[in-house]
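Please read the numbered points with the model in view.

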Amino acid sequence: MSDHWFRAEGPAFAVALFVSILAGGTLGYMVLEGAGWWDAFYMTVLAVTTVELRPHPTRAGQMFTVALLVGGVAVALYTFTLLAAIVVEGGLPKRLQRRRYARMLESIKDHFIICGYGRIGSIVARQLLRQAVPFVVVDRDADRVQTAMADGVLAVEADASREDVLKRVGIERARGLIAAVGTDAENVYAVLSARVLRPDLFIIGRADTEDATLKLKRAGANRVVAPYEIGAVQMAQTALRPAVVDFVALATSSDNLELAMEEIPVATTSGLANRSILDANLRQRFGVIVVGIQRRDLRMDFNPEPDTTIRPGDKLVVLGRPDSLKRLETEAANDGGAAA
């Protein structure tokens, strides 16, 4: 038997202490009051339970009263201790947190689903947090899920390649999915499952090998990112063109409050549609620089000429102050937004 039962804080010690109180009280009444052992025991139980009752004339009534008092107090103390343990040990907060997370999963929309919270997934999550973009993390590792929750991230412990899991995290309302699990095979399965459920969903897949890149594209990924290849290219570019790399990092950093680079979609009904860059007067009106235009067929026009036409469905890649970019984004989405 465990030593815990015999230590001063164990259950055995508590029982022994209770019995000693009853024995001492019974003996005291017998010596001081000259009562019989049963009457002394009966009065001790009444004193310990702090209950005042009218005297019972029969021994059977007194025995029933003792059993009722001892049993009732024991049950009451057990119930109180159990509830206190739930609160103190975190059971109640955890249940409330699970209910809150369930409500958040049911209501979240226009969000990203991040599959995996490893080195890559956690960095992606931090970037989205900085820009206040809603997202949910799905990971099979319990420790990683706990880490994500500790970081203030909405996370679910599950297999991201399962269709029922993707439905649970609201893939039908999602803005996109980022497959950043540790292995290429898991990423391929996650992308394939997501593409089956949402043919129109924007999906980004992580690949460690060239073969995985091809498989992710065949599975339905819109974009495939190879972190090791990008890291190596970044190191080479930093060695050759450090000023250029610093400028790009500054323009694309979410922490920069003075300058930002953004892509702005042009709505079909926008006043910017079917107008040239010069005619739209973007530089003078918004103080932004058009770095490029991504056409609907994903072809990119870099450094477009002033007479280049902005077509409906294009994405303007522009550089400017965040507040100017917000105003341009609003106008690009509005019906007839362009002014003379």
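1. Glycine 292 stands opposite valine 317 in strand 12. Strand 12 (residues 315-320) pairs with strand 9 (residues 289-294) in the antiparallel sense over five bridges. Two strands pair if DSSP finds at least two bridges between them; strands (E, at least two residues) and helices (H or I, at least four) are DSSP runs, numbered from the N terminus.

2. The model is predicted: local features need pLDDT of at least 70, side-chain atom pairs count only at pLDDT 80 or more, and totals for chains, interfaces and linings use all residues. Residues are numbered from 1 along each chain as its sequence is written, and side-chain values use heavy atoms, with hydrogens and water left out.

3. Strand 9 also pairs with strand 10 (residues 300-302), in the antiparallel sense and over three bridges. Here isoleucine 293 stands opposite aspartate 301 in strand 10. Strand 9 and strand 10 form a hairpin with five residues between them, and leucine 298 in the turn has a positive phi of about 70 degrees.

4. Helix 8 (residues 184-197) packs with helix 9 (residues 210-219) at an angle of about 15 degrees, their axes being 8 Å apart. Axes are lines fitted to C-alpha atoms, for helices over the stretch in contact, and angles run from 0 to 180 degrees between N-to-C directions. Helix 8 is therefore roughly parallel to helix 9 (angles under 35 degrees count as roughly parallel).

5. The contact (heavy atoms within 4.5 Å) is made by Asp184, Asn187, Val188, Val191, Leu192 and Arg195 of helix 8 and by Ala212, Lys215, Leu216 and Ala219 of helix 9.

Key
Parallel < 35°, antiparallel > 145°, perpendicular 65-115°, else oblique.
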